[in-house]
Amino acid sequence: MRYLGVDFGLRKIGLATSEGEIAAPLKVLEVSSFKDALEKIKKEAVSFDRIIIGKPDGGVGKKVMKLVNYLKRENIEVESWDETLSSQKALDLMIKTGIGKKKRGEEDAYSAALILQDYLDNL
């Protein structure tokens, strides 16, 4: 099964992928609006069997649930997953593994990989 992990943000969206038991960062999408985010995630989703979207607390969490419901109406298999501290953990991991400051701009993709890996570990 092919999975797409998503770390949703209002300006940047991190994506990660997995075809087995290990998640890997894929890329970061720049978005200009919620509608732009919907369209870009929908476009990416067609290549995957299931989408796992990190769900934070607060207002962004409500937007994530709106996104999840929209994708479900489009017959895309999608699930939300707790993303507590995923961005901080991703940044810490990048620093510990020696990833340079320039490459750390891809933190959102690493965060998506952590979200997806947590989901896969709990299957």
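Two strands pair if DSSP finds at least two bridges between them. Strands are DSSP runs (E, at least two residues), numbered from the N terminus. The model shown is predicted: local features need pLDDT of at least 70, side-chain atom pairs count only at pLDDT 80 or more, and totals for chains, interfaces and linings use all residues. Residues are numbered from 1 along each chain as its sequence is written, and side-chain values use heavy atoms, with hydrogens and water left out.

**View 1. Strand 2 pairs with strand 3 (residues 24-30).** The pairing is antiparallel, over six bridges. Gly 14 stands opposite Val 28 in strand 3. Five residues link the two strands in a hairpin.

**View 2. Strand 1 (residues 3-7) pairs with strand 2.** Five bridges hold an antiparallel pairing here. Tyr 3 faces Ser 18 of strand 2 across the pair. The two strands form a hairpin with four residues between them.

**View 3. Strand 2 (residues 12-18) is mostly covered.**

**View 4. A patch of negative charge lies on the surface.** Its members are Glu 21, Asp 57, Asp 82, Asp 118 and Asp 121. Glu 21 sits in the loop between strand 2 and strand 3. Glu 21 is exposed (over 50%), at a relative accessible area of 69%.

Terms used
Buried < 20%, exposed > 50% of the residue type's maximum accessible area, 1.4 Å probe, protein only. Patch = residues over 30% accessible without salt bridge, like charges linked within 9 Å, V, L, I, M, F, W, Y side chains within 5 Å. Areas by Shrake-Rupley, 256 points an atom, 1.4 Å probe, with all protein chains shown as cover. Salt bridge = Lys/Arg side-chain N within 4 Å of Asp/Glu carboxyl O. Lys, Arg positive; Asp, Glu negative; His and termini not counted. Charge placed at Lys NZ, Arg CZ, Asp CG, Glu CD.
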